[in-house]
Structure formats: structure tokens, C-alpha cells
Amino acid sequence: MKARRKRQRRQSPPSPRRLKKKKKKTAPATPASPSPAPERRTPEPAHRAQTPQDNASTPAGPSKKERKALKKQKAKEKQKDEMDDVDKALAELSLKYPDLKQQLATSSASSSSPAAARSLAALLAVSLQHLDSEAELRKFFGSKVISAAKPGSSSGARQSVLQRSNLTRPQPSWWPAQLREGLSVRLLTPEEVEAGLRRHGWQPLHGEKIWTVEYSKKYRAVTFEFMRTVMSGDPEGFYQLLRLLPYHADTLLQLSEVYHHREEHSTAADYVDRALFAYERGFVGSFNFTSGANRLDFDRVENRPFFLALHRQVTDLQRRGCVRTAFEFARLMYALEPWSDPHGALLHLEYLAIKAGMTQWLLDLWDLFEPDVEKESREGKSPYVRRLLPNIMPGMAYSHALALFIREEDSGDKTHERSTEALKDTIRNFPPVVPLLADKADISLSADIRGHPAFRIHPDASMLLSDSHAIFHLLSHLYAQHASSLWKPAARASWFAQTVASVYNTLPTASPAPPKLFFTRFESPALSWSVYRHVLVNETTCRSLFPFVPRQILDARHLACDPLPPSTRVNEYDSEFFRGVEDVLNVRPRSRRQEARLLEQLIPDPGLRRQLQDLWDGHPALAQRFPGGIVQFAQIAEQMPEVLEDMMVALAGAGGDAPQQREGDMPGGMPGAEVMVNFVEPDDVDDLPDEPAQNAQPAPRREEEPEDEEEEDDEEEEQVAPLPVRFVRSLVSRFWGGGSNNAANESSDDEEGQLRDTEGVD
């Protein structure tokens, strides 16, 4: 019996659980087969009935993996059929339009890959937390020291509404800002982008968006008056323009340059901050300058003031020792236009990256473009033909080798094989840097090395063959001047000297020529002018390099607001740009009733108002400087007390009633003839009234149009806020020498607190 039972068990079919495991083991190894053979099952004995559970455990169809493989194969076949349809459509179009196939092939071959575009955007993305120079100073000196070093705000200073900004720290003394301040931004159309590519001879790239700033009608009109003021040589007119439009970027940058030449660097930096703030307000809601993928078209004059403001900010931050913040602003300037680098941001980044501890960023940027540079050197093909690349710049090449050396030091690599090979290649490509850097960094080189023809120092471009050769040596001088401190440590200096000694015998004995990629790019005015513009903007530190700049560039008339406009420019400040905007801000004289009402709003205290009116009547020379009358005088004096200081000196020297006082003088004694800023054509100056604007009576009397006058008065009531009482007392006393004592007795301290300006004057 026992033997029979064992034989029956041996002949019985496997249980469902065992069958399932066996099925997994015997699954076909090729799931992509379209028609897999069904699995063989052991036949059940006749004496056992088949149950529903047995049917469920032994399916006859394909397995789950097989069904998934079949689904994938069908999807591939469907996609192939769709691609075949696309190819057929393209073939038909190519027969109808023969040039289409060639254009598509050129576009696909020339555009950069999406991965490269994403990598570049990540490298050019700006870190907002590192745009704060005050935060960087706190890390070095502490919050208490920085707070104590700040000048305390006076009790009469304007307290503006707190504004948010990533590029600056708005100060309480700044004027209240509206949303955009006459500036807006828009995306260039595909036609405009294509026209820009043709101007530069560039190939399209993947993932870029190109934007441009646009001026409002009022902003354009103020810019027209700004240009008239620049041409007239009257610096004081800039203050009158700021009264009309406080955040006019060109005017702010011009005043910054004036104070920079006077070595009042804090005031100059403040005006640069205001210009950056004005543009940032225009970017709100559309243009993201931190992404690394958005560009500003430098060929359009509306964008160029922002580049100039960034460049001056980078220079001032380096003067203050904020190298990390300077690096971030230089990276922003580079990200806005990396392919022509109009203000030479790379010439800052090549040494700021090392100083700020951003060596890995520099190495990543170099590695990103190195394959394309090598491909262009071998085949002459690259998505970046005619575009400026960091790998062809002398300073970036030396900084790249130094960054490798620093990384090897940090990792404990004492052989320095890779950095040494990189430095040898750099010396072969850019030998003029070696003697200049050795002199600046106090690195001793042997007489044989010094006497090698490749290391000859050129002080100017007189003995050089072309402009590309001149730029080659100019950039060598510039890097040695900026980066010499990076090579002074003993380990780096010794490594540099040993590497030069090991490679100088392999250099050609003739005068070195620039590398081919360098030479072809800087033969173009667009890129060579970027270097010249960098030198002109940094005139105080780069004046010794002017002999390398062509004479026609130096002799040409340049404006500080737009230094060396690009040769590929779309527009500039000319008659075409200002067409139709001359009379937008034509000054309309106020009636006496309106003037009195405005003055009453500015100075509610009757005693102080009478004192100020007597001061105005007693100094007729003030009317020549302020065509807007006593209201304009009071507002500008409160906004810009430094202007008041100079006028007080002039009035004190010439006498109160002497109209022959010194005119046109600005803080610092800049000469210039007095020009009244009336927004009319120059030919209409003779038709203006001889009396000040506040006393002029228009042809139709204001009393005959009471409704219009009331409307205008209501508008003025909404726009004019009271001046601080303490400021008015100080103003009157400084002109009259204590004549405001009576006014002080008439106003109580409580009234002074009520009249303090907390919202500012629009």
C-alpha cells in the first residue's frame, strides 16, 4: 500500500504553487519575441477533475512581461511610421523648395546641444545672496563695525517707503520709486533675433532668450534733455533733470562719474546703485536676470546704461575689497551678453574667480568650451564661430592653470602633473604674459629666459603688425596688472619659474603671433572694441595701456554715458531716436494762485513760508537757476543739499543782489555756461519770457479758465507733500544768518512732528 501511494504521488500533477514557481524559472529569455510559444503543461490524470482554481493558476495566454514587451514593440513601430510620414513630408517640401533641406541641415549642425545650453545657464546663473556687499563686509568686520561706520541719517532726511531690491540696498534718503520709472522690457521677435545673428555673423544657439529695454515717452524726452545738457557743458542741469525724473539712469551715471573724478567714492557709488535700482524696477515681472539664459541686446542703446552701471559697480566693489560680490556682479554682466562681452566681464572674472574662491567655477567654464575649441582648431567648425570664448583669452588660460594647481594643493597632490602641463600649453600659446607677470609678482627668471625673443616686452603698438597683435599684448599687460598678487605666494612663484625654465627652449625664436582662434576673432571690430571699451571705462587704472588702443578710437568723441558704441549698433542717441519727443515735457508757467497753493502745501507754517518767500525775492539769481520757481527751489534743495551748499558759497561771494555770480558750476568746480533747462527747441529760446517762470503770465489769463485751474490745482495737491519743518528753518537761517528765529518761535515742537515728511515728494 505504501509503495502504491508513493507511485501515485509521483505521477500526480504539481500543485498550483509549485507550477507558478516553475513557470517563473522556465520563462523565455527573449521577451521581445512577437509570438512566444505556449508553455507545455503536464496532462492531468483522468481520474482527477479540473477545478476552477487549476484553470486560474495555469493561464494559456502570454505572461505579463511578454505583454509589456509587445506593447513597447508596437509603440516603436508606430513611432517609426510617424517618422516615415515626416520624412515623406520633408522630401516633398525639399522638392518644392530646394533650399529648405540645406537650411535645415545647417541649422541642426550649427546650434548647440540642449545639454550644453543647460550647463552654460547653470554656470552663468547669479546667486542673489552674494549680490549684497554689506553682508560680505559683515563677515569680515562684524555687524557692529559696519553699522557704526554708516553715516547716521539726519532728522530732516527724506524717509522713503522701503523698496525691495536684489541689486542694491535702497536707502531712506532715496526718492520714492514708482513701479517701472519709465523703463520696460520686452522679448525680441524672431525677425529681430535673426537680424542680430546676421549683423554678427553668428549661428543660432539653443535655449537663449534675447530681451531689450524700452523707454516710455517721458523717459525718452528726459533723455533728450540729458543729451542737451551734456552738449551744453552745464553739469548743474543734471540736478534739474533729476527733479523731473529722479531715476533717470543716464543722469545718475553721469553724476556718478563727476563724483568719481572728485574722489567722493561713496556718493559716486550711491548714484550707481540708484541707476541699477531703476533698471531693476523695469525688469519686474518679465525679465529674470539671474537665470543665466536671458540676454540683453547690447546693440540697442536702451540696454547699454545697465551694462555701464554693472561695470562701474564691479570696479567700485573691488576698491572696497568685496571680491565675492564683485565676482557675482561680473558674472551677471557676463551672463547678459557672453558672446561679445561688450564691457570685458571676462577680464574681471579671470582673476576674481581665484580671489573669491570660485576656482571650480572657472574650471567648469573652461571644460565646457574646451571640446568645441579643439574641434574648431582641427576642423574649423563649431557652434561658437566668431563668438568670444574664455578659452582663447590669455588671462583665463593662466588662471585655469593656477586653478588646477590650487585644486591639487587642496587634494594633497604634490606632483602637479596636470597643472604643469596646462601651464606649459599656456606659455606656448601666450608667451608675452611671462615677463610681465614675473615683473609684477617679483618672480626671478634667469638672463637666458629674459633674453628669449618670445618674451620681449612691447610698451606700445608701434612695432606690432596688426590690431590683433596689439590686443594680444594689451591683454597680457592687463592680466599681469590685475592678477600679479595671485602668483606671489612662494609655492606658486617657484612652480611658475620652474615651468617657464622647462619650456622656454621649445618656443619659436621669432616674435610670437596670437593663436589662430584669437587672431580671427579679434580682427572683428565687435570683439576688439569690447576690449577697448573696457580700457576706456577703467581709465584711471588703465591709462598706461592707451598706447595699444588705435588712435582713431582715442581721438573719436566719446560720451561718458555711452562709451564707444558698438559697430553693430541698431540705434544711438541721435535725431532719429529723439524724433517726436522734444515737446513732451515743455514747461508750462504756473499762475500765482497755483504757485501760492503749492507753496502752502510745501510749507504749512505761515511764518516759515514768509521767510522763504523773502529769501527768494531777495536773491534774484536763484530765479535764473530754478525756472520752476520757488517751489522747485525748495524741493531740489531738500532732495540734494549738496547743490545748496555750492549756491550758498556763490551767493555769499557775489552778494545777494549780484547777478554776475559764478554760473554753471557744479560741486568740484567743473566749468560750464549756464543753460536753462526748458524742454523746447533751441530755436524757440528767444520766444521765452525774460522773467522767471513762476512770475510769467500766459497769454490767456488763468482766471478765465477756473475749471481747468481747479483741476490742475487738484493734481498738484495730490503730488506735493510738506517739507520737514527743521529743514526749512535750516534753509532760511543759513541764507539769512539766523533770520529764522522768529519762525522758530511761531512753530511748536508738536507741529514740527506733525509736519515731518514721511512719504516723500513725488
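**View 1. Helix α12 meets helix α14 in this predicted model.** D250, L253 and E257 of α12 make contact (heavy atoms within 4.5 Å) with P305, L308, A309 and R312 of α14. By class, four residues of this contact are nonpolar, none is polar and three are charged; here Ala, Val, Leu, Ile, Met, Phe, Trp, Tyr, Cys and Pro count as nonpolar, Asp, Glu, Lys and Arg as charged, and the others, Gly among them, as polar. The axes of α12 and α14 lie 10 Å apart at an angle of about 30 degrees, so the two helices are roughly parallel. Angles under 35 degrees count as roughly parallel, over 145 as roughly antiparallel, 65 to 115 as roughly perpendicular and the rest as oblique. Axes are lines fitted to C-alpha atoms, for helices over the stretch in contact, with angles from 0 to 180 degrees between N-to-C directions. The crossing of α12 and α14 is left-handed, that is, the near helix is turned anticlockwise from the far one by less than a right angle. Helices are DSSP runs (H or I, at least four residues), numbered from the N terminus.

**View 2. Helix α14 also packs with helix α15.** Here α14 (residues 304-319) and α15 (residues 323-336) have axes 8 Å apart, at an angle of about 160 degrees. The pair is therefore roughly antiparallel, and the crossing of α14 and α15 is left-handed. On the α14 side, look for F306, F307, L310, H311, Q313, V314, L317 and Q318, which meet T325, A326, F329, A330, L332, M333 and L336 of α15. This contact of α14 with α15 holds eleven nonpolar residues, four polar ones and no charged ones.

View 3. E263 sits in the loop between α12 (249-261) and α13 (265-283). (Buried means under 20%, exposed over 50% and partly exposed in between, with a 1.4 Å probe and protein chains only.) D442 belongs to the loop between α20 (433-441) and α21 (447-450).

**View 4. Two cysteines, C322 and C542, are buried.** C322 has a relative accessible area of 0%, and C542 likewise comes out at 0%. Across the whole structure, zero disulfides (cysteine sulfur pairs within 2.5 Å) are found.

**Notes for all views.** Residues are numbered from 1 along each chain as its sequence is written, and side-chain values use heavy atoms, leaving out hydrogens and water. In this predicted model, local features need pLDDT of at least 70 and side-chain atom pairs count only at pLDDT 80 or more, while totals for chains, interfaces and linings use all residues.
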